[in-house]
Structure formats: structure tokens, C-alpha cells
Protein chains: 2
Amino acid sequence: MRIAVDAMGGDNAPHQVVTGCLLAAARYPDTELVLVGDREALEGLLDGSPRPHNVSVHHASETIGMGDDPAHAVRRKQDSSLCVACRMVADGEAQAVFSAGNTGAFAAAATLGIGRIPGVHRACIAAVLPTAGGRAVVVDAGACVDCRPEWVVQFGIMGALYAEEVEGIAGPRVGLLNIGEEPSKGNSLTKAAHDLLRNCQLDFRGNVDGKDVFRGGVDVIACDGFWGNLLLKSSEGAAEFFFSLAREAITSTFWGRVGGLLVRPSLRQMKRRVDYAEYGGAFLLGVRGLVVIGHGRSGERAVVSALERAREGISHDLVARMQTRFAGGEEDAA
Amino acid sequence: MRIAVDAMGGDNAPHQVVTGCLLAAARYPDTELVLVGDREALEGLLDGSPRPHNVSVHHASETIGMGDDPAHAVRRKQDSSLCVACRMVADGEAQAVFSAGNTGAFAAAATLGIGRIPGVHRACIAAVLPTAGGRAVVVDAGACVDCRPEWVVQFGIMGALYAEEVEGIAGPRVGLLNIGEEPSKGNSLTKAAHDLLRNCQLDFRGNVDGKDVFRGGVDVIACDGFWGNLLLKSSEGAAEFFFSLAREAITSTFWGRVGGLLVRPSLRQMKRRVDYAEYGGAFLLGVRGLVVIGHGRSGERAVVSALERAREGISHDLVARMQTRFAGGEEDAA
């Protein structure tokens with residue numbers, strides 16, 4: 001299998017992206033990695049260590065920055081590493097594309113450059129959230145806002161397929177993100193989506209609120225991209241804030257500091273369990289190619305995880321399965 | 001001043017509501033508390049200890065449960081403790097009303113029974129969120145969904161007035177809850193609200209995302225009630241989940257358990273800082289009377305805090321100020 005990597009995207013690019021690719025290439029000799037970006041810079045980084053047989057460089061003259069306006073950048077920078085990497089998938093030169101760069105630009109480049117699966121209204125981002133049950137897939141995590149009810153239903157369908165094929169969750173349970181459990185709760189979008197979800201081929205478990213999602217009662221959380229993004233960011237923000245408060249409280253007393261040293265190893269281990277780097281990448285679902293979006297802060301470990309995810313997606317033929325699922329047209333729940 | 005208390009509302013009613021009122025009555029001899037509910041049950045709870053001069057009972061024959069459908073319950077149970085307590089404010093027999101019962105029913109009973117301030121499109125709930133800067137007021141926290149942009153702007157105006165008068169935050173900075181900082185980010189509602197907020201008499205600091213809210217850059221977070229509720233619940237859920245993971249990790253090793261005992265006092269102190277019981281109540285803003293909504297789980301300490309809030313609101317004449325602010329009509333930013 002062959003994966004195109006936007007080597008210039010992300011806060012730690014190209015250095016850590018290249019290092020991550022070298023690690024992954026050594027671990028998976030059957031996987032060809034094409035580093036897309038400035039040839040000179042990339043060759044420079046590759047020199048010094050023996051070049052693995054399964055790593056190559058594909059030149060791209062431009063780079064899209066983290067702060068660039070997505071739509072504008074994608075239109076103007078057609079020879080950017082991001083656009084070129086996406087085109088490799090569109091042209092069949094690679095089966096998957098990975099970037100830790102500008103998420104909005106990546107979603108736009110992938111949707112425009114590779115195209116949507118026929119029958120899919122909108123592409124969505126599937127992000128993984130740690131929960132008491134292990135993990136849950138949030139779809140959509142920010143690709144699509146101002147959604148129609150039938151789009152949210154499709155996010156649930158795509159998220160369930162992804163959960164089953166890539167996350168290995170058998171018979172995924174699907175919930176609708178809402179502000180209360182009762183079907184009558186919520187806004188006009190959740191009420192309409194709830195009705196549609198009850199009548200489609202999913203193990204639909206009803207509404208879940210912002211607290212329920214962490215209790216692990218469902219494996220897939222279907223929602224508008226605005227809410228999904230809000231859910232992910234506010235839970236990340238809350239966790240960071242409360243841990244910083246806890247650290248401050250603990251280190252304010254002598255015995256607290258002693259205790260803090262003793263609990264540190266356990267907390268480190270726990271942190272690994274919920275670290276984004278362990279998940280590495282979020283899939284953009286609904287496009288005619290495998291698209292794995294890395295966190296902007298991705299270090300080499302996150303790059304390796306994301307590439308492992310891409311491998312899973314390719315070996316489970318996720319895109320073909322998605323196409324089959326939407327080919328009948330009966331999933332258009334509208 | 002006189003406060004009507006729905007003594008039958010909440011998971012711990014009437015017992016802890018009554019105990020909380022007795023504590024508050026002793027602390028604030030200038031405040032009359034009217035316990036509204038089943039006379040027999042309430043007199044029974046009051047017997048045994050000497051009855052303070054500033055506590056009385058007002059009979060109401062019905063009770064609205066936590067699971068009752070709000071609109072239906074308010075229409076059908078006009079002699080419920082909740083509706084009767086709201087009517088006391090409408091009739092000028094009390095200056096404020098408190099309930100820890102069914103939030104939806106309380107918001108409906110207050111809006112219908114007391115009425116909105118002329119010029120206010122929709123009432124909103126102002127909930128207080130702990131942040132690195134101390135605290136921020138989230139408006140709306142769940143009273144109103146499917147908002148129009150001008151409603152969100154009014155939430156910002158009411159939230160700022162509340163922050164200044166009740167929370168004591170001078171010159172409150174207002175932010176718009178969104179999924180990115182740039183004005184172009186978000187959905188159709190945030191884009192329109194952003195434009196309106198830039199042109200109104202507020203210290204508007206632009207968009208804040210789910211992570212930013214905890215950093216304390218703004219004092220008031222204006223948003224649709226669906227998002228505000230999602231923000232509050234998901235941050236509460238995330239904090240609970242991550243602390244339970246941390247507890248599990250710490251207690252899984254011997255030295256972790258020893259360290260855990262040493263850090264416990266510091267953590268208890270920190271927990272108090274962010275405990276909802278310290279805030280006690282959320283105000284329903286935009287109605288012609290002071291309405292304080294307690295958490296369903298309110299114990300006596302939370303009841304005392306909520307009554308202290310109500311006192312602040314009364315002594316700062318919050319409702320009259322709100323009426324003056326909207327009397328001109330120029331705040332109708334639409």
C-alpha cells in the first residue's frame with residue numbers, strides 16, 4: 001500500500017513528520033510512504049541515515065500555512081504539498097493521504113480534489129474521544145456546520161462504519177448529541193435528526209448529552225460539526241484547566257508536593273491512555289479516498305499512529321465499503 | 001427584602017431546602033423567606049427548632065417533579081409550589097423566587113407567570129463557569145435554542161449587566177462562543193451575531209472557542225442555549241471523567257495510594273473552589289422579577305449560596321437596571 005504524506009504540514013513539520021515516517025517505514029516494510037514537499041528540505045532531512053527502500057520524495061513547490069484561509073489557500077496554491085498529496089490519491093497514485101497541517105484547508109483540498117462518494121451529502125471528520133467505555137467516535141468534529149438533519153444521519157452511518165472497520169468496535173451503538181435524553185429535548189435539528197435516526201439501519205440509542213458522552217453508553221456520537229468541535233474543545237479545555245488547578249493546589253503545600261511526586265508515574269500512564277498522539281489522526285469520511293487528518297501539534301509518535309490508522313483503513317477497504325453502503329441510495333434518510 | 005422559595009423543588013427537597021433557608025434566615029435577619037409548598041410537610045420540618053421571625057410558610061397543594069414535561073406541568077399544575085412562588089413575584093409579594101426543581105418548568109413558569117421585560121426577545125439563563133481568570137458567565141445556558149443573532153446579542157448585554165451587578169466584575173469583557181477565533185469562523189448564527197456584537201455598547205472581545213473559555217480572557221460568554229448547555233455539561237463530564245481516571249490510576253499502585261492520601265487535602269480545597277454549591281444558583285435574565293435557578297442536586301449549602309445571590313440581585317436592583325437598559329430600545333441590535 002502507498003500513502004502520500006504532506007511533509008510540510010503541521011507545527012513540527014517537516015522535521016517530525018519525516019522522523020515519524022522513517023519510524024513507520026521501518027515498522028511496516030509493505031507500506032510505501034511518499035513525502036510530498038520541498039525536495040531540497042526533505043532530502044536534507046533524509047540524508048545522514050540510510051534511506052529505507054519504502055520512502056520516497058515527491059516535489060511540491062508551495063506550502064499552506066496553519067493560519068492561511070482554507071478556501072483561498074487551496075484555490076491559489078495548487079502546487080502546495082497538501083494539494084499535491086491529495087491529487088496523488090485522486091489520480092490513484094496513493095491509497096491514502098495524511099497531513100498534520102491546516103485542517104480546514106485539508107478538508108477543502110480533499111473534498112474538492114478527491115471528490116465526495118456519490119450519495120454522500122457532506123464529508124465529516126471522525127474524531128476519537130476517550131470515554132469510560134474506552135472510546136467514542138465523534139462525527140462530525142468540525143468539517144460541516146449549519147447541518148440538515150439528513151446530513152447528521154449520514155454522519156452517524158459513516159461513523160458507525162468507521163468505528164467497526166478501523167476502531168474495531170463490533171456492532172457500534174450510535175447516539176445523537178443533545179442537551180437532554182428525552183426525544184422531545186433539543187433544537188429543531190436534533191428533533192428532526194432523532195426521528196430519522198430511529199428509522200434507519202443503525203443501533204440507535206437515542207440522545208446523549210455532554211456528560212453522557214464520557215460514560216461510554218454509545219460508541220458513535222452523531223452531531224453537527226459546530227457542536228462536535230465545541231464538545232471536543234471544551235472537554236479538552238476543561239481537562240487541562242482542572243488538572244492545572246489540581247497541580248497548583250498540590251504543589252502549594254509540602255506534603256502535597258511529596259504526594260505529587262508519588263502519584264506522578266501513575267498519572268503519566270493515565271495521560272498516555274487519553275493522549276491524542278495515541279490516536280494520531282482523525283478520518284475525513286465521505287470522500288473517494290482515505291484521508292487522515294493529524295493534529296497540528298503532531299510529533300513523530302502521533303505521525304506513526306496516524307499512519308497506522310491509514311493502514312487499517314486501507315486494509316479494511318473502508319472507502320469501498322463506504323461506497324457500497326451509499327450505492328443503494330437507501331441511506332439517504334431524508 | 002422578601003424571597004419566595006419553592007420548598008418542594010429539587011432532589012433533596014423539601015428537607016435540605018428548608019435547612020438551607022433556616023441557615024440563610026439566621027445569617028440575614030433583614031431577609032424574609034417564604035417557604036412555598038405543602039403546609040403540613042413544611043410545618044413538620046420546621047417544628048422542633050425555634051422558628052425564626054423571618055421564615056414563613058405559604059401553602060401550595062401541588063408539586064412539579066424533576067421528570068415532568070415543563071410546558072405541560074406548568075399549564076396543568078397552577079397550584080404547584082413552583083407556579084405559586086413565581087406568582088408571588090408577579091403580584092409584588094416577593095422580590096425574588098428560588099427553586100432547585102425542574103429547570104425547564106421553572107423557566108416556563110417564570111417567563112409566563114412573571115413576564116418578559118419589554119424589549120427583551122427571550123429570557124436566558126446565566127450560569128457561572130470557573131476559569132483561570134476566576135469565573136465567566138455563560139448566557140444562555142439552556143433556556144433558549146434555535147436562537148436568532150439578535151437574541152444572542154441581547155444575552156451578551158444581559159450577561160454583562162449581571163456580571164457587573166451580581167458577580168462584581170467591573171467592565172466585563174464579552175466573547176462569542178464559537179469554533180475558532182477568526183470572525184469568518186463558525187456557522188451562520190455566529191457570523192451574524194459577531195457582526196452585531198461588534199457594533200453594540202459592549203466590550204466585545206470577539207470569538208472564543210471551547211478551550212479559550214477556560215483561559216479567562218472574557219467574563220461573559222454569549223451563545224445559543226444549546227451550545228451553552230453543551231459547553232457546561234461536556235466540561236463537567238470531562239472533568240469528572242478525567243478525575244475518575246486519575247483516581248483509578250493513582251490507587252492502582254502502593255506508592256500511588258500513599259501519594260494520593262498526601263494530595264487529598266489540597267484537592268479537596270481546590271474542589272471547593274470550582275464547586276457548583278459555592279455558586280448555588282443561575283439567574284434567569286430578562287424577566288420582570290428576580291429568578292434564581294438552583295441545581296437539582298442542591299444541598300443546604302447550595303441553597304444558602306443561591307439565596308445570597310438573590311439578595312445581591314435585589315440589593316443591586318438588577319431587574320430595574322435591566323428594564324432601564326432595554327427601555328431605550330437601542331439595544332435591540334437587530
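Modeller: Happy to. A compact globule of 334 residues would have a radius of gyration near 20 Å, and chain A has 21 Å, so the value agrees with that expectation. Please keep in mind that this is a predicted model. Along its principal axes, the C-alpha trace of chain A spans about 65 × 60 × 35 Å. Within that outline, chain A holds 12 helices and 11 strands, and 57% of its 334 residues count as buried. If you look at contacts in chain A with a separation of 6 or more, 72% of them are between residues 24 or more positions apart.

A word on confidence before we move in. Chain A has a mean pLDDT of 91, with 96% of its residues at 70 or more. For the complex, the predictor gives an ipTM of 0.89 and a pTM of 0.91.

Now to the meeting place itself. Chain B can be superposed on chain A by a rotation of 180°, with 0.0 Å of shift along the axis and an RMSD of 0.0 Å. The two copies are thus related as by a two-fold rotation axis. If you want to find that axis on your screen, go to G259(B): its C-alpha is the one in chain B nearest the axis, at 1.9 Å.

Which surfaces do the copies use to meet? Of the interface residues of chain B, 100% are also interface residues in chain A, so the copies meet through the same surface. Chain B brings 45 residues to the contact, and chain A brings 45 residues too. On the side of chain B that touches chain A, the elements giving two or more residues are α8 and α9 (254-274) of chain B. The largest share of that side comes from α8(B), with 18 residues. By kind, the residues on that side of chain B divide into 24 nonpolar, 16 polar and five charged.

Helix α8(B) deserves a longer look, then. This helix runs over residues 225-250 of chain B, 26 residues in total. From first C-alpha to last, α8(B) reaches 37 Å, close to the 38 Å expected at 1.5 Å a residue. Is α8(B) enclosed or open? With 19 of its 26 residues buried, α8(B) is largely enclosed by the rest of the structure.

Helix α6(A), residues 149-165, has 17 residues and reaches 25 Å from end to end of its C-alpha atoms, close to the 24 Å expected at 1.5 Å a residue. This helix is mostly covered, with 14 of its 17 residues buried.

Finally, here are some loop details to check by eye. Most residues other than glycine have a negative phi, and most peptide bonds are trans. Against that background, a cis peptide bond joins V139(A) and D140(A), with omega about 10°. D140(A) sits in the loop between β6 (134-139) and α6 of chain A. In chain B, the peptide bond from A13(B) to P14(B) is cis, with omega near -5°, and P14(B) lies in the loop between β1 (2-6) and α1 (15-27) of that chain.

Two aspartates of chain B are worth a click for their backbone angles. D146(B), in the loop between β6 (134-139) and α6 (149-165) of chain B, has a positive phi of about 55° although it is not a glycine. D146(B) has 14 other C-beta atoms within 10 Å and is partly exposed. D317(B) also has a positive phi of about 55° without being a glycine, and its place is the loop between α11 (300-315) and α12 (318-327) of chain B. With 14 C-beta neighbours inside 10 Å, D317(B) counts as partly exposed.

One last stop is G92(A), in the loop between α4 (81-90) and β4 (96-99) of chain A. G92(A) counts as exposed, with 9 C-beta neighbours inside 10 Å. The C-alpha atoms of G92(A) and T63(A) are separated by 22 Å, and the two residues are 29 residues apart along the chain.

Note on methods: Residues numbered from 1 in each chain as written. Chains lettered and ligands numbered in written order. Predicted model: local features only at pLDDT ≥ 70, side-chain atom pairs only at ≥ 80, totals over all residues. Helix = DSSP H or I, 4+ residues; strand = E, 2+ residues; numbered from the N terminus. Expected span 1.5 Å × (residues − 1). Buried ≥ 20, exposed ≤ 12 C-beta atoms within 10 Å, placed from the backbone. Least-squares fit on C-alpha atoms with pLDDT ≥ 70 in both. Contact = placed C-beta atoms within 7 Å. Nonpolar A, V, L, I, M, F, W, Y, C, P; charged D, E, K, R; others polar. pLDDT = per-residue confidence, 0-100. Rg over C-alpha atoms; globule rule 2.2 N^0.38 Å.
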